[in-house]
Structure formats: C-alpha cells, structure tokens
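Look at the model first, then read on.

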Amino acid sequence: MEDNLLKTCLYDKHVALGALMSPFGGFIMPIQYTNITDEHNAVRNAAGMFDVSHMGEIFVSGPDADKFVGHVFTNDIVPMKPGDILYGMMLYPNGTTVDDLLVYKEFEPQSYLLVVNASNIGKDYEWLCAQAEGYDVKIDNQSDIWGQIALQGPEAEKYAVETLGLADAAGLGFYTYYRTADMIVSRTGYTGEDGFEIYAPHAVINQMWDTLLAAGVVPCGLGCRDTLRFEAGLPLYGHELSDEITPLEAGLGMFAKIKAKDEFIGRDALVAQKEAGLTRKSVGIELQDKAIPRAGYPVEVDGVQVGIVTTGYRSISTDRSVCVAMVDKAYTELGTQVEIRIRKKVFPGIVTKRRFYETNYKK
Amino acid sequence: MAKTVEGLYYSESHEWVKVEGDVAIIGITDFAQHAMGDLSYVDMPEVDDELEAGEEFGAVESVKAASDLFCPVSGTVVEINEALEDAPELLNEDAFANWIMKVKMNDPSELEGLMDAAAYEAMCANE
C-alpha cells in the first residue's frame with residue numbers, strides 16, 4: 001500500500017531522523033520524531049518546524065482571475081492588497097465544503113495563489129477547472145514543484161531573521177506575505193502561535209530544513225500539528241469541515257461573506273440555511289473526567305445521541321479532556337450539560353467555546 | 001527491543017497474566033506500551049465487574065489514540081491499580097511491574113489458550 005503514497009522532498013530527512021512515518025492525505029508523512037508532547041511544547045514555548053510540503057499550491061491568473069476567485073471563494077477578496085492572505089472555503093452549491101484554503105493575492109494584477117489541503121489537491125484542481133468555463137483564467141497546479149516548511153512558535157521570528165537571514169520577516173504582519181527570488185514567506189500557521197510558512201523549490205527547502213535543524217529548531221510531526229491546531233480552535237477538513245458540513249454549521253460564518261458579497265458558489269444555500277435556522281452547530285465540550293473523547297464518539301443527552309465528536313484530546317497545553325463536536329442546535333448554548341459516550345461509559349461534559357488555548361498571533 | 005518476563009502468560013492482544021492461586025494479575029506488555037508511546041490515560045474497569053474471556057475491559061490512551069484492553073480470562077475484578085489513575089506513565093516506565101487489574105478466575109484452564117514468553121516474542125517479531 002505504501003508504494004502508492006507520495007513522498008515530500010524532505011522524506012529522506014524524516015527517515016534519517018528516525019521519525020514515525022504514517023500515511024496522511026495520500027502522502028507518507030512524519031507523525032512524530034520523539035514524542036507528540038515534547039514537540040507540541042516546543043512550538044508553544046520556543047520554535048518548531050513542520051514539513052508541510054504535502055499542501056497544495058494552485059495558481060490562478062488571467063483577465064478574469066479577480067472575478068473567478070470571487071466566484072469560487074467564500075471570503076471577500078475585493079479589499080485585498082498585493083501581499084494579503086485570506087482564509088476561507090470553496091463550497092458546493094448546496095453550501096457544504098469542497099475545501100478550506102488560503103488565498104494569496106499576488107503582486108501582479110489578476111493573480112492568486114490558492115493553498116489547499118493535501119488530501120484535496122486533485123479534487124480541488126478538478127473543481128476549479130470545472131467552474132472555470134466562461135472565465136478567461138489559467139489554473140496551474142504547482143503542488144509538485146513547491147516544498148513548504150512551517151516555522152512556528154514564539155521564537156519563530158528570531159530564527160527566520162537570524163538563522164535564515166529573512167530580514168523582512170520581522171516586519172511582516174499577520175496574514176501577509178512577501179516574495180524573494182525563490183521563496184514565498186508568509187506570516188501564517190496552523191498552531192495558534194506566531195510563525196511563518198515558507199514555500200520554496202525542493203532544493204531550497206532541503207537546505208532550509210538543515211539550517212534550522214542545526215540552529216536548534218525542533219522538528220515536529222503531524223501528531224502535534226493536530227494537537228496544536230485543535231487547541232487553537234482551527235478546523236481540519238474531514239473533521240470539523242467536510243462535504244457534508246457548511247461553514248455556518250462549523251461556526252466559521254465569519255469567513256463566508258454572505259452580506260459583503262452578492263455572489264459565490266454556495267452563497268444561496270448559506271442564506272437559506274441562515275434564514276431557516278441551523279439545525280446543528282460545532283461546539284467545544286470539556287469533560288470533568290480524564291477520559292479522552294475521540295473523533296466519532298457520540299454526544300448524548302438523557303441517553304439519546306445529540307451529536308458526534310469531530311476531534312478530541314487530552315489537551316497538552318491545558319491538561320483537560322476537551323473536544324470539538326457537531327451537536328444538535330438545542331444543545332449548543334455555552335454551559336449546556338451533555339454527556340460523551342466513551343466505550344462502555346458516559347462522562348459528563350459542559351459546552352464551551354471551540355478554542356481551548358489563548359492564541360499568540362502577531363497582530 | 002521490547003522485553004518479556006518468563007513465567008507469565010501472554011495474549012494475542014498484548015496483555016500479560018501472572019497467576020497467584022485463583023487470581024490472575026493482568027497488565028499490558030512492554031511491546032504494547034512501546035507501540036502506544038507516552039500514555040496519558042488508563043480507562044480501568046470497576047471492582048466486581050464480571051468479564052468474559054476476550055471481553056473488552058478498558059483502554060490505554062496515548063495523545064494520539066485509544067487502544068482497547070481485552071481480558072484474557074473470565075472472572076470477577078477484585079482489585080484495580082488506582083495508582084494508574086493519576087500516573088498512567090507508570091506503564092511506560094515498567095509495564096510488567098505495574099499491573100492494571102486483578103481478576104478472580106472462573107476457569108483457570110483458560111490459561112492454556114494463552115502463550116508463553118517465547119511464543120509471544122515470536123508473535124511480536126512478526127508484527
């Protein structure tokens with residue numbers, strides 16, 4: 001089976017470091033190098049780096065690019081300046097989610113970079129091409145060309161400037177980026193900490209990995225990438241979002257601009273869903289017990305299932321058993337008492353916000 | 001290399017059994033704790049729970065995943081190791097010194113269906 005899995009340009013580095021390798025999104029990826037807890041804490045307290053070369057890079061350009069990206073993307077790109085980045089989704093006409101992604105407004109007019117989830121690269125590319133009929137745009141999937149390192153944590157800026165020599169990284173605002181001759185340097189991440197996502201060709205990425213490793217940046221696997229993003233309240237496609245979940249249900253309505261925009265694919269369905277009222281919504285739940293809620297476990301009230309856990313952990317940063325769950329609307333008020341079925345027992349929990357850790361983004 | 005202890009019985013689901021009279025002392029093997037990584041929670045049965053051979057009685061959980069525990073013999077839980085409630089990492093430190101539960105066996109002949117240390121090592125070598 002592993003023969004069919006793709007390898008990132010840093011695969012040999014992971015193997016040499018003795019990483020536990022596992023399939024993710026069609027790639028064979030490092031889950032951990034030492035252990036998830038130490039790697040998680042390195043990102044919270046110092047700096048860690050992730051190989052996120054599996055992410056997809058799709059470039060959209062051409063005379064109709066502004067119009068086309070506005071058509072397929074839920075967020076409002078009109079106010080964007082070159083070098084700005086926006087988070088949002090692509091939706092099906094029924095309002096459920098094709099993917100969540102970052103849109104980078106490039107420095108040439110009518111030009112964008114769409115950064116999409118590894119598991120959805122093929123689907124997204126086909127989706128974009130299918131929507132492009134009647135638009136004069138070029139859709140260029142360059143996912144195979146670009147590697148990517150996420151340098152994350154309170155010391156990320158120090159390493160970017162001093163170790164990598166990226167002087168301009170210091171002044172870079174949150175959700176903005178700049179380009180060098182062979183790099184895209186972006187003040188973004190998926191951890192709840194300050195940090196950068198750096199895109200470059202494979203050879204440059206390999207050199208950068210070695211340089212950061214030698215400087216003491218902790219290599220971090222996808223295991224802690226998930227615990228970090230979860231604590232920070234960030235969704236993962238396939239869990240909090242999917243082709244059965246709308247952004248409104250996921251609590252991500254602020255990224256789907258049904259008021260500011262009068263058209264995008266899925267907008268009508270979201271307007272109708274909002275008018276009719278949601279039937280379910282994504283919430284946080286905290287357990288009093290140490291038992292750990294996991295994805296797929298039922299949420300119950302009086303023995304009746306009212307929802308399902310989408311991600312759950314014993315939170316490393318807060319040492320509490322918490323989860324995000326999709327729950328019937330009647331049980332989504334903060335403070336609502338619910339129960340989670342964990343194997344043979346049920347454990348009482350309380351509905352909370354979906355963010356369990358105070359994020360430390362650079363403003 | 002995961003270690004084993006001579007004189008214990010081993011299950012295919014990576015539990016060990018130490019026999020004292022008609023009581024089976026049950027834990028997870030070194031191979032199992034190593035495969036799971038750092039443990040953060042042990043879901044234990046309650047005293048007086050009646051278990052069938054092969055029945056799920058709890059789980060050990062790492063950051064990433066839960067792994068069910070199966071009782072190798074039928075019987076009644078007479079004691080659980082409460083120290084694991086606050087210190088699941090004891091299983092990582094020494095999986096054989098830290099038992100999970102003691103079960104009063106219904107039928108000690110069920111032990112004959114389990115493996116000895118050599119057979120268990122051979123099985124692990126193939127996993």
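## Terms and source

Two strands pair if DSSP finds at least two bridges between them. Helices (H or I, at least four residues) and strands (E, at least two) are DSSP runs, numbered from the N terminus.

This is a predicted model, in which local features need pLDDT of at least 70, side-chain atom pairs count only at pLDDT 80 or more, and totals for chains, interfaces and linings use all residues. Residues are numbered from 1 along each chain as its sequence is written, chains are lettered from A and ligands numbered from 1 in the order in which they are written, and side-chain values use heavy atoms, leaving out hydrogens and water.

## Strands of chain A

Strand β14 (residues 280-287) of chain A pairs with strand β17 (residues 321-328) of chain A in the antiparallel sense, over seven bridges. Here A:Ser282 stands opposite A:Met326.

β14(A) is also joined by four bridges to strand β19 (residues 345-352) of chain A, and these two run antiparallel. In β19(A), A:Thr352 is opposite A:Gly284.

## Strands of chain B

In chain B, strand β8 (residues 75-80) pairs with strand β5 (residues 50-51) in the antiparallel sense over two bridges. B:Thr76 in β8(B) stands opposite B:Glu50.

β8(B) also pairs with strand β9 (residues 101-105) of chain B, antiparallel and over five bridges. B:Met105 in β9(B) is the bridge partner of B:Gly75.

## A lysine in a helix

A:Lys123 lies in helix α4 (residues 121-131) of chain A. Leaving aside residues up to four places away in sequence, A:Lys123 touches A:Tyr92, A:Val98 and A:Tyr237 (contact means heavy atoms within 4.5 Å).
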